[in-house]
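Open the model in your viewer and keep the selection panel at hand. The stops below go one at a time.

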Amino acid sequence: MTTDAVVVGAGVVGCALAWELAQEGMRVRLLDRQKPAAEASWAAAGMLAATPEGPGMAALVPLNQAGLAAYPSFVEKLEAATGLRVGYRRQTTLVVFLGPQTDHDQGEYLAALAESGLVGEPLTGEEARQREPTLNPKVKAAVAMPGEACLDTRALGRALVLAAVRQGVELQTGAEVKGLLIEGDRCRGVLTANERIPAGHVVIAAGCYSAGIERVARYAPTRPARGQMLAIDAGAAMPGSMLRSIRSHLVGYLVPREDGRLLAGSTIEDAGFDKSYTPGGMRKILDAALEMIPGLENAPILEAWAGLRPDTPDHLPILGPTDIPGLSIATGHFRDGILLAPVTARLARRWILGREPDLPLAPFSPLRFIRVAAAT
Ligand SMILES: Cc1cc2nc3c(=O)[nH]c(=O)nc-3n(C[C@H](O)[C@H](O)[C@H](O)COP(=O)(O)OP(=O)(O)OC[C@H]3O[C@@H](n4cnc5c(N)ncnc54)[C@H](O)[C@@H]3O)c2cc1C
């Protein structure tokens, strides 16, 4: 029997996409060169927030908002399909300001939010500590961000793999895709070292490694952006506290898990494909964590790790069909791939079935890099 779609890469994006297509009755093969959901998707903190990371990334806000809005029903369906819980929790995040220019920084942050159509509630340090008593007394100002959420990304990865397989997706590990099977002007499948895998549609969702697949780099010039992380046993240090995520503006963040682990992050580094965690990275993360919550000083460190975010030249995701019929791209989600996995899957279903997108896709087109190269 022919395969309707091959999805390359079984991170959260590829798994969500394969699951979505299988729910449409398509025969889907999901290929990964290793264990599924063990790369960036495994390493992520699991913050679900719509705020863009930089001024050039405003195009991301509607997509991020759609990502946040999609999550509650996505999680409900996923947990019902698998019987697994993913630790999804809606919450009001606190963005705290500690620097010498607190009032100025808080004002700028609120102005940037307003420009993006997002709402934050300004708080004094005292008001912030009423909400989170463990906060450093040196926090002089904060912004409360309602409607954000967090989840356990490793649990999400496990659940998505199971949901996809239960829906009939054929998951094949140890299958490293090297190139595309092009016949005439169409993409008709993929090539691994020892197999030709024909398919009606090919979707590249190989994270930061996507550019390494032959003929894909012109559409998906992805590159790795290393992020280091730490897990701290906050439950041991401060039982019952830390119920919400906290971000220190431009410095670091803390994300609580239901089991008392507190995730502290992160770095954004150009270190190639090296997933080491380093003394310098750990120091930066710990300095930020202790500045936010000094009471963590003697909390046990449980684990350290690093992962590679799929970054792109403009830091925006790459979503949609290419100019080769049968080939599309769903990658480059940089710092937001957990947030954007459900909405990416929904969008991909629409473009594969030839339906109009329900969100503007032009800023994320895989053809934008070819246009830039042609213009220079
Ligand atoms: C430290 C850190 C913190 C983060 N925190 C957050 C957060 O709080 N919120 C958020 O939304 N996002 C966060 N992110 C970003 C998020 O993790 C990524 O954007 C997302 O996981 C990307 O998912 P993916 O499925 O595209 O890629 P990946 O999870 O990297 O999966 C790609 C898959 O493709 C496979 N593959 C690669 N090449 C091939 C090939 N040639 N053939 C076959 N298979 C191949 C890989 O083995 C892998 O399984 C964070 C990332 C890091 C590193």
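**Stop 1**

Select Arg368 and Asp314, whose side chains meet in a salt bridge (2.7 Å, N to O). Note before going further that this model is predicted. Now colour by secondary structure. Arg368 belongs to helix H10 (residues 368-375), while Asp314 sits in the loop between E16 and strand E17 (318-321). The pair therefore ties together parts that are 54 residues apart in sequence.

Is Arg368 buried or exposed? Arg368 counts as buried, at 9% relative accessibility. Asp314 is partly exposed, with a relative accessible area of 27%.

Next, select Glu20, Glu24 and Arg349. Salt bridges with shared partners join these three into one network.

**Stop 2: two strands, E15 and E16**

Select Glu303 and Arg261. Their side chains form a salt bridge at 2.8 Å, N to O. Show the strands around them. Glu303 lies in strand E16 (residues 301-311) and Arg261 in strand E15 (residues 261-265). Parts that are 42 residues apart in sequence are thus tied together by this pair. Check the surface at Glu303: this residue is partly exposed, with a relative accessible area of 21%.

**Stop 3: a buried pair**

Move to Arg247 and Glu148. Here the side chains meet in a salt bridge of 3.0 Å, N to O. Which strands hold the two residues? Arg247 is in strand E13 (residues 246-248), and Glu148 is in strand E6 (residues 141-150). The pair ties together parts that are 99 residues apart in sequence.

Arg247 is buried, with a relative accessible area of 12%. Glu148 is buried too, at 3%.

How many salt bridges does the structure hold? The count is 20. Side chains of opposite charge can pair when their charged atoms come close.

**Stop 4: a three-strand sheet**

Hide the side chains and show the cartoon. Select E8, E9 and E10. These three strands form an open sheet in the order E8-E9-E10, with antiparallel pairing. Strand E8 (177-183) and strand E10 (196-198) stand at the edges. Each has a single partner strand, so one side of each is left without a neighbour in the sheet. Look along the sheet for the twist, which averages 35° from one strand to the next.

Finish on E8 and strand E9 (residues 186-192). Six bridges join these antiparallel strands. Select Val177 and look across to E9: Thr192 stands opposite.

Notes: Residues are numbered from 1 along each chain as its sequence is written. This is a predicted model: local features need pLDDT of at least 70, side-chain atom pairs count only at pLDDT 80 or more; totals for chains, interfaces and linings use all residues. Side-chain values use heavy atoms; hydrogens and water are left out. A salt bridge is a side-chain nitrogen of Lys or Arg within 4 Å of a carboxyl oxygen of Asp or Glu. Helices (H or I, at least four residues) and strands (E, at least two) are DSSP runs, numbered from the N terminus. Buried means under 20% relative accessible area, exposed over 50%, partly exposed in between (1.4 Å probe, protein chains only). Two strands pair if DSSP finds at least two bridges between them. Axes are lines fitted to C-alpha atoms, for helices over the stretch in contact, and angles run from 0 to 180 degrees between N-to-C directions.
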